[in-house]
Amino acid sequence: MKKSTLRRVDLVFSIILIITSIIIMYNGYKLFINPFGRSLEKITTESIQKEIENWYISPALMPFLLAIVLCICGLFLLRVALKDGAKFDFFKVDKLKFVLMHRETRVATIVITILALYIFVLIPVCRENLDFYPTFRGFPFMIATFICLLLQMFIFSEKTLKNILSCIIVASLSSVVITYGFGVLAMIPLP
């Protein structure tokens with residue numbers, strides 16, 4: 001891609017990144033004030049004060065900090081894009097068709113679609129139907145992660161028997177390692 005095209009993409013992506021990080025910061029703030037999702041009538045000033053005193057153990061701390069870093073990165077990217085002359089002059093029908101026909105756009109669309117299906121369909125369906133082991137709460141997450149990884153690797157690799165077998169092996173090992181590492185070793189609650 002040409003530098004001008006990349007800077008235009010940087011301009012759009014930086015704006016999306018800034019907006020997303022602001023939304024995450026807002027939700028992190030709400031989670032900080034009301035971590036258990038209680039109704040507003042049940043929130044007292046004492047509970048808010050307790051949450052403020054224990055800010056370092058809040059579940060909202062990490063997403064909030066990551067959102068701040070993302071916002072700073074988005075602002076720097078916006079600055080670089082504007083400095084190199086990026087403008088919103090690319091919202092024309094012929095240029096939009098050109099961008100949508102690029103391989104990078106198709107790949108990004110496929111990856112975003114698979115991740116959205118993973119988050120909003122696979123994990124809830126696996127959690128609801130595959131919760132066989134009450135002592136190992138990560139089993140549904142492991143199966144959903146395996147399916148997501150396998151699907152992505154299968155779509156973006158050659159369809160030979162060797163590649164298909166390696167995709168299955170890598171996806172299964174990766175999902176086991178991710179689930180064990182985060183769910184058991186790090187004791188992070190898995191969705």
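You are working with a predicted model, where local features need pLDDT of at least 70, side-chain atom pairs count only at pLDDT 80 or more, and totals for chains, interfaces and linings use all residues. Residues are numbered from 1 along each chain as its sequence is written, and side-chain values use heavy atoms, leaving out hydrogens and water.

**Exercise 1.** Work out how many helices and strands the protein has.

*Solution.* Start with the definitions: helices are DSSP runs of H or I with at least four residues, and strands are runs of E with at least two, numbered from the N terminus. Counting gives seven helices and zero strands. Along the sequence, the pattern reads α-α-α-α-α-α-α.

**Exercise 2.** Find how many disulfides the structure holds, and explain the result for Cys 71.

*Solution.* First, recall the cut-off: the two cysteine sulfur atoms must lie within 2.5 Å. Next, take Cys 71: its closest cysteine sulfur belongs to Cys 73, and at 9.4 Å that is too far for a bond. The total is zero disulfides. As for burial (under 20% relative accessible area, 1.4 Å probe, protein chains only), Cys 71 is buried at 13%, and Cys 167 is buried at 6%.

**Exercise 3.** Locate the charge that lies over the face of Phe 154.

*Solution.* Apply the test: NZ of Lys or CZ of Arg within 6 Å of the ring centre and within 35 degrees of the ring normal.

Methods. Buried < 20%, exposed > 50% of the residue type's maximum accessible area, 1.4 Å probe, protein only.
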